[in-house]
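The following exercises are to be worked with the sequence and the coordinates at hand. Each task is followed by its solution.

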Amino acid sequence: TLRKPISQSSMADWASKNLNMHTQGIFRRRISISNMLSWNGGSIKKPMLITSNRTIKKEACEMFKLVQSYMGDRQTRMDRNHVALVTVTKCWSMQGLRDELYIQLIRQTTDNTCYRSLAWGWELMAISLAFFSPSPKFQSYLEGYIYRHLDSDENIAQRIKELADLKNKKNSKSRKKRKQNTEDEGLPISTYAKYCYRKLQKVAITGGKKGLRKPTVEEITHARNAILTPSLFGSSLEEIMLRQQDMYPGNKLPWVQTQLSQQVLALGGEQTEGIFRIPGDIDEVNALKLQVDQWRMPSSLSDPNIPASLLKLWYRELEEPVIPQQFYKECISNYENPDAAVAVVQLLPELNRLVLCYLIHFLQIFAQPSNVGRTKMDVNNLAMVMAPNCLRCQSDDPRVIFENTRKEMSFLRMLIVHLDTSFIKGLV
């Protein structure tokens, strides 16, 4: 569900308070806000946003050149993948540059008369959102900008034509003209905007790339491909099943769920102390996520905590939780009643029911006394670490969240102890 973004007047008010107003000419006249936020073919001598940090001031001007290079508006010897990698790494390493990058991209995708450049600007925004979020202060502004482009393709084409005509009249005597292109040379801008909007909602909650390893070219390519080919992480169960139809047409369960679960068991996870509680190395988990998203399961894994951590992440990042939101109240109302808890499972949509039953069957393996002795993860501990990945409380009230957390854990515990999952054996 799309939230209503901040109004145009609120965005203008934010810009007037936060933009580092530039000047031009020998009299150093201040540039208007609309010009500050319109495509610029030249360089900038100071950041777009107000800052007192000297390093940010210097890096911001260099970054603007990188943005222009990626969009094809400035010549460079680097290929676009490398330009994106340098840009993203700067911002990933230096938090103060992130809002600056997003405001620069807003500028370079506003009143841009070259469609290819415009599309590449939006593409760089989509890639960036895979690695880091804007600051809370800037998020509403960026959200408002993206929202206004969700259904804007006709308006954009018309605007490009108007600006091109105007420029051609002014430059009719000059031979040197910027290439005008109003024809679609790729995806519609609304496709990028819709992807960016969803990505912004997620990254604002989950945060960006974690770990100590810097972004890689493979991650840049993966982030770009995700615009058209949704990731196995953060999608809905229906989308995931649709995507795997060509490769695994007979499968009743998501490939990613069964493969990661089997990896945990193959590496002796049911005999590993603290399994699901002790996180795997975050950089190793990121590397595995990249491979799984390409439908590959490496044979070099040795630590069961890595696939276990990624499996938890997959459940947690599902667009809609395994137990859909409309069943949430029923779950927390029946957290002490085994029969009622089991009855809720039977009411779920077929795909959700199968996915949940597979998960419960998987957890029942770990709940066996012979395994608990080794893992130190009894049914209560298993319910505690997995419940937040299956149920999502929508309340903002800390007291409600705290009270419901206990009920969520108890509900999942009821399922691990009482749900008959024998039918799931051998199902893929």
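**Exercise 1.** Over residues 235-423, what percentages of the chain are helix and strand, and how many Å apart are the end C-alpha atoms?

Solution. The model is a predicted one.
- Step 1: take the range from the record; an unreviewed UniProt entry lists residues 235-423 as "domain: Rho-GAP".
- Step 2: assign secondary structure over residues 235-423, which gives 61% helix and 0% strand.

**Exercise 2.** Describe the chain as a whole: secondary structure, extent, burial, contacts and charge.

Solution. 
- Step 1: the chain contains 20 helices and two strands.
- Step 2: its C-alpha trace spans about 85 × 45 × 40 Å along the principal axes.
- Step 3: the chain has 428 residues, and 50% of them count as buried. Its accessible surface is about 21,500 Å², with 51% belonging to carbon and sulfur atoms.
- Step 4: consider contacts between residues at least 6 apart in sequence; 78% of these join residues at least 24 apart.
- Step 5: count the charged side chains, which gives 58 positive and 43 negative. The centres of the two sets are 11 Å apart.

**Exercise 3.** Is arginine 224 buried or exposed, and which residues does arginine 224 touch, not counting those up to four places away in sequence?

Solution. 
- Step 1: locate the residue; arginine 224 belongs to helix H10, residues 217-225.
- Step 2: apply the cut-off. Arginine 224 has a relative accessible area of 17% and the limit for burial is under 20%, so arginine 224 is buried.
- Step 3: list the neighbours. With residues up to four places away left out, arginine 224 touches Tyr70, Asn81, Glu123 and Ile127.
- Step 4: look for polar contacts. The side chain of arginine 224 makes one of 3.2 Å with the side chain of tyrosine 70, and another of 2.8 Å with the side chain of asparagine 81.

**Exercise 4.** Which helices do the buried residues of H16 pack against, and which residue caps the N-terminal end of H16?

Solution. 
- Step 1: helix H16 covers residues 338-347, and its buried residues include Ala340, Ala341, Val342, Val344 and Val345.
- Step 2: trace the packing of these buried residues. Their partners are helix H15 (328-333), helix H17 (350-366) and helix H20 (398-418).
- Step 3: inspect the N-terminal end of H16. The cap is asparagine 337, which has a side-chain oxygen 3.2 Å from the backbone nitrogen of aspartate 339.

Conventions:
Residues numbered from 1 in each chain as written. Predicted model: local features only at pLDDT ≥ 70, side-chain atom pairs only at ≥ 80, totals over all residues. Heavy atoms only, no water. Helix = DSSP H or I, 4+ residues; strand = E, 2+ residues; numbered from the N terminus. Buried < 20%, exposed > 50% of the residue type's maximum accessible area, 1.4 Å probe, protein only. Contact = heavy atoms within 4.5 Å. Areas by Shrake-Rupley, 256 points an atom, 1.4 Å probe, with all protein chains shown as cover. Lys, Arg positive; Asp, Glu negative; His and termini not counted. Charge placed at Lys NZ, Arg CZ, Asp CG, Glu CD. UniProt positions renumbered as here; feature names shortened; annotations may be inferred. Polar contact = N/O pair within 3.5 Å; in protein donor to acceptor, adjacent residues only side chain to side chain.
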